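Student: Can you walk me through this structure? I'd like the sheet, the aromatic pairs and a helix.

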Amino acid sequence: MIKKIAIIGSGFSGLSAAAYSAKSGHEVHVFEKNSSLGGRARQFTTDNGYVFDMGPSWYWMPDIIEDFFKDFNRKTSDYYELVSLNPQFEMVFSDEILAIPQDYSEMKNLFESIEKGAAKKLDEFMNDAQYKYEVGMKDFVTKPCHSWLEFVSPKIAKSALKLDLLSNFHRFVRKYFSDPKLIMLMEFPVIFLGAAPKDIPALYSLMNYGGYKLGTWYPMGGFYKVIEAMAQIGKEQGVQFHLNSNVEEIKIKNGKAGSIVVNGIEIEFDTIIASSDYHHTENLIQKEYKNYDEEYWKKKTFAPSCLIYYLGFKEKIPNLKHHTLFFENDLDLHTNEIYENKKWPTKPLFYTCCPSKTDKNVAPANGENIFLLMPVATGIDDNEETREKYFLEMIQRLEKHTKSSDLLSKIEYKKSYCINDFKKDYNAYEGNAYGLANTLNQTAVLKPSLRNKRVKNLFYTGQLTVPGPGVPPSIISGKIAATEATK
């Protein structure tokens, strides 16, 4: 039977769910409240020629993204060009700068130069991480997670201990390395999972393999090229896209979602897949049909929000790489102020992306495109004065690192984005940027359910449900939701 399916939201999970649902032969409509596709991965162009990706900037796990295209007999190279970054990124410490090389043998040499025996330890770490990546990303994270019984397969059972689901990442890294800089370098990737390393399962060392070993890439034209490519695949499958279309209500009759209200107009559907913020989606239905109440969400550990600045400089900035992590301060202090004390950071870490170092088309000639990002706690007070205070601190540290002066006078475009904007643009719960953290007690079946337990034709997808935050997991989430919804 051909179903008429509504997808709410056009982020990675929504586009993925739409393409797979249409591939199964169904009539699919995507409703996006904003004026362009992509959700958090939108892009905008300024009048003076700067092209800014608004969200994701780290292209990791290239094989997982490639798998999406393979499912439609396509390749990423049919749509965009991928460039391998070298160095992958720089990490700025208070007394030293580490550049992480593209070549793995050079990476081993770097580790050995910092700590005797660390090259061999890195090999051991990466062999273990590769195993987790191959089992974790191919088998473990592709389950709909309705029940723990899904994981009772010989392969997963056999690998349960090796997957390190019950040990924490903080302890795991220290089994291999003792130098503080190497520890910070190995702990950094899991920050993307939205929790402190001590609260994340050691399973997620697979992130180090998916990043450092498989490389850090950049799609020429910006990360939005991936959104455009996925949308094009959707269109080829017959998906219809509706922009500036705010879904205001999901109407449920007799335990079934029969229609949605879009910009005041009611439209009937057979099935609904919500790629919108989970908590917000549940507020579109009557209270008695919700999976979770407010108390449930209050107890959850959310990934951080962030303060972002999109900056256009009218001069090239020397000594700056595509990705730079400013880790001169204590990681534990910053993560504590995100998750435990929930306040604006005392001594923040932050990240700078400068895609114009790789891609001349994202800035005017001789200009520089820079994106500053500082992780912050969700739900804290967000105002212009506070944003500006941290902006000035980040600029000072950028000047010191690049040996530049008077960068403020060279800015010809500036826009900030923070908690209030995440709420307004994406209905994000407490202004979160990355979804629900992948903590020990928020893994697999312990995440919010992919399907509504009381409404049989309402499904959820994206970074607040399985498998979790990040671009590749969101693409996988869309595929799982589409599979469940089209059974």
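Tutor: We'll go through it topic by topic, as you ask. This is a predicted model: local features need pLDDT of at least 70, side-chain atom pairs count only at pLDDT 80 or more, and totals for chains, interfaces and linings use all residues. Residues are numbered from 1 along each chain as its sequence is written, and side-chain values use heavy atoms, with hydrogens and water left out.

Student: OK, sheet first. What's the strand order in the open sheet of seven strands?

Tutor: The order is β7-β6-β15-β16-β17-β14-β18, with mixed pairing. Strands here are DSSP E runs of at least two residues, helices are H or I runs of at least four, and both are numbered from the N terminus. Two strands pair if DSSP finds at least two bridges between them.

Student: Which are the edge strands?

Tutor: β7 (97-100) and β18. Each pairs on one side only. From one strand to the next, the twist averages 15°. Its axes are lines fitted to C-alpha atoms, for helices over the stretch in contact, and angles run from 0 to 180 degrees between N-to-C directions.

Student: How many bridges join β15 to β16?

Tutor: Four, and the strands run antiparallel. H323 has C353 in β16 as its bridge partner. β16 also pairs with β17, antiparallel again, over three bridges. There, Y351 is partnered by L373 of β17.

Student: And the faces of β16, covered or open?

Tutor: Both are covered. F350 and T352 are buried on one side, Y351 and C353 on the other. Buried means under 20% relative accessible area, exposed means over 50%, and partly exposed is in between (1.4 Å probe, protein chains only). In a regular strand, side chains alternate between the two faces of the sheet.

Student: New topic. How many aromatic pairs are there?

Tutor: There are 49. Rings of Phe, Tyr and Trp (its six-membered ring) pair if their centres lie within 6.5 Å; planes under 30 degrees apart are stacked, over 60 edge-to-face, and the rest tilted. Take Y59 and Y80: their ring centres are 6.3 Å apart and the planes lie at 75°, so this pair is edge-to-face.

Student: Where do Y59 and Y80 lie?

Tutor: Y59 is in the loop between β4 (51-53) and α2 (62-70), and Y80 is in the loop between α2 and β5 (82-84), so the pair ties together parts 21 residues apart in sequence. Y59 is buried at 0% relative accessible area, and Y80 is buried at 5%.

Student: What about W60 and Y212?

Tutor: They form an edge-to-face pair, 6.0 Å centre to centre with 85° between the planes. W60 is in the loop between β4 and α2 and Y212 in helix α8 (residues 206-213), so the pair ties together parts 152 residues apart in sequence. Both residues are buried.

Student: Last one: α14. Which of its residues are buried?

Tutor: In α14 (residues 419-426), they are I419, D421, F422, D425 and Y426. Down the helix axis they fall within an arc of 160°, so they line one face of α14. That arc is taken from the directions from the helix axis to the C-beta atoms.

Student: What covers them?

Tutor: The cover includes β14 (305-313), β17 (368-376), α13 (384-402) and β18 (411-417). Contact means heavy atoms within 4.5 Å. Just after α14, N427 takes a positive phi of about 55°.
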